[in-house]
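Have a look at it first.

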Amino acid sequence: QLLDMLYSGKWDGFVKGEKKLTVALCFKVSGPLCKHDQILSLMDDFFSRYFEMANNTQKGTLQVELVLDGSAAPAEPCLRSRWKPLVSTYIWPDNSWDIMFSNNATLGYDRFQVLNQQVLPAIPSALLEKVRSVDYGKFAASPYPFQVWEPADQQPILDVANTYLDPDFRQHPAGLKFAINIDPAMFQVYSASSSKFGWNVRHNEGCVEPKVVSLPLPAVDGQSS
């Protein structure tokens, strides 16, 4: 269904733009994936169809890239050369720390190209500080942004953003992105004080003079409101 949707023509406004749409395929399998022959067969069929559709000259203009994630990451022997040339996310400590500094193709380390760290609830910026202490390792040369995943509350979002923006440390050359499961508009509000892409003002308790702002509506048929 995912491939049918992407190649149906209905989503061309998203998948044929100037910017590439990246879809992370996060597979969840209990235990080693290499022991699940039936699941592997289904995944092989899916990726075979994707490569066929992506290489089709008529449909090859779509700016869509699939990225391996979760159980599909090439950490197991049977996955190291599977589904090439797709790259994978790298999550420490789930994946070996050695991958941070190596593109050893024999071990499949060359496939890990997207630095992708969890935001821990108790210490949100801890893993960010860990990878930044080694200047992002090999991922500093990656064209993929540094990604942190699934913070939902404002304070962890700000902790990560402010730690990343600390002027005493280098920012990732390709930037920082948040993978979220919350309303994008709420994320924009939560991160506003760091991103400067929104407005978020904290009022004091007992505030009796609220700030009221008039926001113009976008123009409709050449008429503004």
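Which helix does Met5 lie in? Met5 sits in helix H1, residues 2-6, where helices are DSSP runs (H or I, at least four residues) and strands are E runs of at least two, numbered from the N terminus.

Before going on: this is a predicted model, with local features needing pLDDT of at least 70 and side-chain atom pairs pLDDT 80 or more, while totals for chains, interfaces and linings use all residues. Residues are numbered from 1 along each chain as its sequence is written, and side-chain values use heavy atoms, leaving out hydrogens and water.

Now the cores, meaning sets of buried Ala, Val, Leu, Ile, Met, Phe, Trp, Tyr and Cys residues joined through side-chain atoms within 4.5 Å. The largest one has 21 residues, and those touching the most other members include Tyr7, Phe47 and Trp83. H1, strand E1 (21-27), helix H3 (37-55) and strand E2 (64-70) each give it two or more residues, with H3 supplying the largest share, five. A second, separate core has 17 residues, among them Met100 and Phe112.

As for disulfides (cysteine sulfur atoms within 2.5 Å), the whole structure holds one. Cys34 and Cys78 make it, sulfurs 1.9 Å apart, and the link is left-handed at -100° about the S-S bond. Cys34 is in the loop between E1 and H3, Cys78 in the loop between E2 and strand E3 (88-90), 44 residues apart.

Here are some accessibilities (buried is under 20% relative accessible area, exposed over 50%, partly exposed in between; 1.4 Å probe, protein chains only):

| Residue | Relative accessible area | Class |
|---|---|---|
| Met5 | 32% | partly exposed |
| Cys34 | 22% | partly exposed |
| Cys78 | 27% | partly exposed |
| Cys26 | 38% | partly exposed |
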